[in-house]
Amino acid sequence: MNGPTPDDDRASFGTFLNRKLRDRGQRPLGELPDDYDLLLSGALDSLAFVEMMMAAGEHFSRDIDFEDLDPERMTLIGPLCLFVAEQLRPQPS
């Protein structure tokens, strides 16, 4: 059984992000490029970013360990999606 792909992660993050934007009365975003920075863009603040990571873990029913993710790249949608997909990949028994 395969885990979620980076595209699955991108869809999950996009849903969360657009819900937050709608809650603030802002227009939802379209497709997010790999270099889209969730914090620098102002789309999410640090608390909402943490909430999004928790929501991703709940959505995929797995814990996500961010210890090995480069802090300078963790808010970029492309690297974040790749990292989360790797974290959620089933481990060989």
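In what order do the elements of the protein run from the N terminus on? They run α-α-α. The model is a predicted one. The protein holds 3 helices and 0 strands.

**Overall dimensions**

The protein has a radius of gyration of 13 Å. For 93 residues, a compact globule would come out near 12 Å, so the value agrees with that of a globule. Along the principal axes, the C-alpha atoms fill a box of roughly 45 × 25 × 20 Å.

**Burial, contacts and surface**

Of the 93 residues, 39% are buried. Contacts also reach along the chain: among those between residues at least 6 apart in sequence, 61% join residues at least 24 apart. The accessible surface comes to about 6,100 Å². Carbon and sulfur atoms account for 51% of that surface.

| Share in the protein | Value |
|---|---|
| Buried residues, of 93 residues | 39% |
| Contacts joining residues at least 24 apart, among those at least 6 apart | 61% |
| Accessible surface belonging to carbon and sulfur atoms | 51% |

**Charges**

The protein carries 9 positive and 18 negative charges.

**A look at Leu-29**

Where does Leu-29 lie? Leu-29 sits in the loop between helix H1 (6-23) and helix H2 (46-59). Its relative accessibility is 30%, so Leu-29 counts as partly exposed. Leaving out residues up to four places away in sequence, Leu-29 touches Leu-17, Asn-18, Leu-21 and Tyr-36. Ser-41 is 12 residues from Leu-29 in sequence. In space, Leu-29 and Ser-41 are 12 Å apart, C-alpha to C-alpha.

Notes: Residues are numbered from 1 along each chain as its sequence is written. This is a predicted model: local features need pLDDT of at least 70, side-chain atom pairs count only at pLDDT 80 or more; totals for chains, interfaces and linings use all residues. Side-chain values use heavy atoms; hydrogens and water are left out. Helices (H or I, at least four residues) and strands (E, at least two) are DSSP runs, numbered from the N terminus. The radius of gyration is taken over C-alpha atoms; the globule rule is 2.2 Å times the number of residues to the power 0.38. Buried means under 20% relative accessible area, exposed over 50%, partly exposed in between (1.4 Å probe, protein chains only). Contact means heavy atoms within 4.5 Å. Accessible areas come from the Shrake-Rupley method with a 1.4 Å probe; for residues, only the protein chains shown count as cover. Lys and Arg count as positive and Asp and Glu as negative; His and the chain ends are not counted. The place of a charge is taken as NZ of Lys, CZ of Arg, CG of Asp or CD of Glu.
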